Amino acid sequence: MDPIQEHITRTRRNFLATTANGLGLLAVSDLFNQEGLLANESLVNPLAPKKPHFAPKAKNCIFIFMAGAPSQIDLFDPKPKLNELNGKALPKEMLKDVRFAFIKKETVKLMGSKRVFTKHGQCGMEFSDLLPHLGTVADDICLIRSMHTEAFNHHPGQLMMNTGVARFGLPSVGSWLNYGLGSESRNLPGYVVLHAGRGSSGGASNWSSGFLPSTYAGVLFRTKGDAVLNLSNPQGISPHMQRHSLDLMSKLNARRFEQIRDPEINSRIASYELAYRMQSAAPELMDLKNESKATLEEYGVHRTEGVTGRGGGSGVMADYSRNCLLARRLVERGVRFVNLMHASWDHHSNLDRELASNAKMCDQPIAALINDLKRRGLFEETLVVWAGEFGRTPLGENRGGNPKTTGRDHHPYGFSIWMAGGGVKGGQVIGATDEVGWHATEDRVHVNDFHATLLHLFGFNHLKLTHRFNGRDFRLTDVAGEVNPRILA
Amino acid sequence: MKTLAVSTLFLLVAPAQSQESAPIDFARQVRPLFQKHCYKCHSSKEQKGGFRIDAHRFIEFGGSSGKPIYVAGKSPESRLFKFISGADPEKVMPPKGDRLTAAEIALVKAWLDHGAVWPAEADGELAKDPRFDHWAFHLGAQPKPPATMHKGWSRKPIDPFILARLEKEGVKPSPEADRFTLLRRLSLDITGLLPSPEEVDAFANDKSSDAYSKVVDRLLRSPHFGERWGRHWLDLARYADSDGYEKDRPRPNAWRWRDWVIKAFNDDLPFDQFTIQQLAGDLLPNATIENRVATGFHRNTLTNREGGIDPEEDRVKQTVDRTNTTGTVWLGLTIGCAQCHSHKYDPISRREYYRFYSFFNSLSQTDIPAPTPAQQAEYDRAKKAYETKRAEIAAKVTPLIKKYEMEKLAAAQASWEKKMANKIVDWRVLEEATKTSTTSGVKIKFMKDGSYLLTGASPDRDTYTITIDTELAGITGFRIEALTDKTLPKKGPGRSGNGNFVLSNLSVTVQPMPDKIRKEREGLKNPAAAAEDETEQELDLADEELETGNSPARKVKLQNASADFSQRNFQVEKALSSSDKEGWAIAGQMGKPHTAVFETAEDIGFKKGTRLTFKLVCNYGGQHTLGRFRISAISAPRPVRYGKAKLPPNIANLLKVLDAKRTDAQKAELAKYYRSIDSGLNKIRRPLSAHEKIAPKASGTKAQALAESGYRQTRIHIRGDFLNKGAKVDRGTFGVLHKRLEKKEGMPNRLDLARWLVDAKNPITPRVAANRIWQHLFGVGFVKTTDDFGLRGERPTHPQLLDWLAHEYLNLKWSRKEMIRLIVHSAAYRQQSRTRPELLERDPNNRLLARQNRFRLEAETVRDVSLAASGLLAPRVGGPSIRPPMPGDIAKLGYANSVRWAESKGEDRYRRGLYIFFQRTVPYPMLIAFDSPDSNVTCTRRERSNTPIQALTLLNDIAFFECARGLANRIVKDGPKEKVERIRYAFKASISREPTKEELQDFTSWFEFAEKEYAKDTAAAVKLSGQPKLPVEEQVQLAALTVASRVLLNLDQFITRE
């Protein structure tokens, strides 16, 4: 199915039945009535809600992306054997045909983890001591320890995890979902990106709509200034004047439509009205004054500590907490896809110190988010994903032959991510890596498999959600991917 | 010669003609064997391993392994023979069923050994492959415009084609658009700017019969034509101002190629020349700077500089991108699909793909000095003025010099000679380094003679950092000896295969010797603590994310490099430039030690000991790194030159010869040298040397260019994996297209390829190119899938017209301006764009062209028309890219705060959208909001979305608000005084037409409302006008005009081409 095409062909819709129903303003809709515009059925709204291939489990997605590649060995995947072999060389045959970003193969040694792992929840899922809060929701989490990917440099890896292909120019997961499902939100974009700390390797390409129209691109909500770029009117233009200006625009546009009958004019009117509604909806969204003190505390919105090392400096902990809370508020308002970006997990050195700091930043608010979604009855229909672009080596990084290792290098052969909510079976661990955490060995899940499963939760056959570009039908899962049934509830 | 042999070996299509006398009859004897044993799995029904053997043309396609199935004349090397004979028990063919008998195997062997003669014409029906018959692969003669019933409508031969189709459908074309619409349409299509209100009036009132043509002429002559149409080309070229990927470093020279494109369009450089120069300008005989600048087309591919990247992987990715982009842009084919396997839909084999790829597989990238023609003219002018002035000064100084020479020089020289006689200071080899490191990670071994030897794997590039603590002070020069060693290739001194190296850069920093080292040397050491400290620091520095920070080290200024020998174009002074591609090298004198000497600009060293850090950069690539070297220092008086001491060796030797014994020639040599250093003479010359210091410098403008770097053998990449190499292939093109690219001598190169692309027999390129011009003038091409003319692409809506235009393009000698002139003069082009409700059902997308199309402007043009309407537009053409205001947090989205966005000042804020610096990972938000391509891959047609983010941008973005205010100011300054007239003027300035009566009514009453509002709220009025010093009434007027302008600049029709 090519949803745009399909939509255009079956687009005989009533003007007000689409997102334009927010046109709201009486004057404008009166005008349309007068001019008989309502009778025009050829309006094409690319974000009108659409039905997927089969009944979905999930409606919305909060995709927590930890750019830089977090160390699964120190967070999610305990390896006692690795600790035993700490300082030993890895068997030569395992290093054969293996590429590293920085490690010097000749002198590399296995590096155990200093972390203490404990069991959590009824399921007994093991997390490291850096994630105490997450432990409290272990029974909701489906932890995948057998992820693998091909890309082992950051930007290609990030593109792989966010767009399914380690190449520029393809739509991200959020774009595909909005393309396939449209948006339920009347006043906000269907795809929102929240960012904390410094920029990631991929920059805006991680939430790009690729070859899809920019309608499906992620819209960055900012932590400072206007929530959305250009949301505020220029100085000297009151909301009152803005409303009147829009009325005149709509009127003139409608007059032009009368003459030239191009349905695109109606889309333009609708998009201006949505913009107008965003002007009040976005600030309302960002304003946390109606959240209870308990909620704010649970998320840690008023935390004052900074994040150590390159994690982003002062204020990032509070920013991250706020973003987690905003993610819930966005989902509440019908936003289809929320991306929580944080970019500082590339621990080639000082791993123990910086990973602890990053984990502290995200552990409490993410657990709070899951609990909050559950309390509000949103958890069942909201898929939460936690992932980086790949994992980190069980080997200590010895760049330049340096014998003192305090970090780990890039590792695509086995790493961990987790999913929760929205049709996912919680309280279970999928797959495993070998004794030293080198290869994913059991129930291997490739990034394309993960995406296929994600689309399945949203009611899509990943093979059929396609878009024709450059002579080929593209899909999120490139030319591979299989749904992993064990993940499904 | 060697390559020729290889190419014959793999030329499977044309079996050796010399073997005509072969006794084996293929059709009678060999084919039946294939039929019997192979067809089951390898013919039209099934192609196991992606391979077909039933007709000769499929042999060329090979199988999935990418290896040739046989080698004509050589059965032992032929896999066909190995398979059927069972040479490899793992791979026996056929795997099931009856094997070939010994006699049959012998027959095939004989056939192979006799040249594998396979008369392709005998394949007949078997070779039938409907894919080859696809319309795009064949172009007949230029079609004649069809007869139409209605005679009066057509204006150009284009029109009957369209009318005939409409008549067949029983549809009438639309009436011609009104003059306002036509003028705005032409202006937007040709220059991407708006007509001025005066031009609107003039055209509306021009009753002459050629009024329309005059407008077209004017627009085609405008320098803004090149900007508008150049931008279309930039989409195809994936032009950007940064590298892409994580580091996304700026490309400060990218604009130079962009300007070449603009000029090429303005000069109407024919499309064939345009093609040849961009793909192979460097290979043209007597290539000019502009020819080489043109090759920047393929410099626009992304570069990944992320730490830990495999450079070969990135190079292959770039080559693949160049190959695929060429296929899309010129052939309209998705050849990239054949990178992993033969194309699924089009008859393009993977072998052919890599043959095509091979043209781009030997490229090197350089940034060449490329003054723009204007800069060159300016330099020539300044140079002339400088020379004149110099002659004036010389006229004054020369007599004084003469006088000094007569009276004082001889005595001064004699006294200098005396002083120098007993003063020769020798080089001192520096002590063992405290610390050494290499970027590649290979080991540096310290040798007994004080030299350093590189061991281990030989990297492509490397940088050695040598930290030496020394007691030396007062250093005036350093010496680098490149030494031979038996462990090095051809004894070295370099590590490349032939023993050469390129020292691309030498830099030295100096700082006081660290206390702990000094104490160590003084015997008070605490090595354990010191080591701990060092390691910690080392690790942090090694981290890809951290640059070396605030080191107290100071850079030593090096000058006057000299050497015993330098390769041509690799003079030793180039080791002081920062370019990786320049440096000191010694080709022609490998296997021998060489010496380079660098003078310091000031005396170096601290009394309490000195730490010197030498950085020897060998980044030329191709393992051109230094294999063994030794570093020495000297404290002799300057000048310090190669020659073991401060003097050039010849002079040093001459000084040893007693004056009386010197020959006249020797005397003259010594005198000449002395003249160059005599202080008295220098003092007299000072006015001259002062002037020489301000000699005009050639412009520093550079351009990204490509060049050949020696043939690199291409191998098929199995499944597209660059590490998984298959068979070797030579350069070639696609068999399905026009005649094979041939070259009598040597290997065909990019120039041959470029010429092949624009060959008159090429069935596809003229159509792809003509289709694109049409697309820009009608919003959509005849073939909507502009990126795919292959079997999966859409078929043309007007195939005959497309073919006619393709031929016409050639008839017009590839002139783009003439093609545009032709099309815009057609009746089809001049139609109204009003949607016809009666046709919505039958032709919802207007593919019949019963009207013009109406479409939103591209991102850059949205900006341009806003600037043009406001009067703020700075119309300057070309130059470095600009950075309009952008909120700081947007730039921060780039990796680790590495993106710097220094806002442009002055008129640069108001220049056209195509000049906006395109930072790939953080594109300017307005451009992306309006669907500008992300510049990562070629883009043949843009999306046209319609989003609330666009609305917010036009309403509130500072740049667009300034335009609204600008239009208000323009109305006050240039427009009429009366209110209604002002509104008319504003309409004409923005949507280039008179308002209708209703519009005028609506607008006027609204405007009066705005005036009242701002009269009530003068504080708001001041904020809007931005001119607090004006009288209140004028503030209110300006405020009302600003909000009114803002409405106009947000109208659908303002950002739409109708």
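H343(B) lies in the loop between α14 (311-331) and α15 (350-357) of chain B, where helices are DSSP runs of H or I, at least four residues long, numbered from the N terminus. The model is predicted, so local features need pLDDT of at least 70 and side-chain atom pairs count only at pLDDT 80 or more, while totals for chains, interfaces and linings use all residues. Residues are numbered from 1 along each chain as its sequence is written, chains are lettered from A in the order in which they are written, and side-chain values use heavy atoms, with hydrogens and water left out.

H343(B) has 5% relative accessibility and therefore counts as buried (under 20% relative accessible area, 1.4 Å probe, protein chains only). Its side chain makes a polar contact with the side chain of T334(B) at 2.9 Å; such a contact is a pair of N or O atoms within 3.5 Å, one able to donate a hydrogen and the other to accept it, and residues adjacent in sequence count only if both atoms are side-chain atoms. The side chain of H343(B) also reaches the backbone nitrogen of Y345(B) at 3.0 Å. Beyond four places in sequence, H343(B) is in contact (heavy atoms within 4.5 Å) with R131(B), T334(B), C337(B), A338(B) and I348(B).

The interface between the chains comes next. Here 89 residues of chain B are in contact with 85 residues of chain A. Nine salt bridges are counted between chain B and chain A, a salt bridge being a side-chain nitrogen of Lys or Arg within 4 Å of a carboxyl oxygen of Asp or Glu. One salt bridge joins the side chains of R256(A) and E1058(B), at 2.2 Å from N to O.

Methods. Helix = DSSP H or I, 4+ residues; strand = E, 2+ residues; numbered from the N terminus. Buried < 20%, exposed > 50% of the residue type's maximum accessible area, 1.4 Å probe, protein only.
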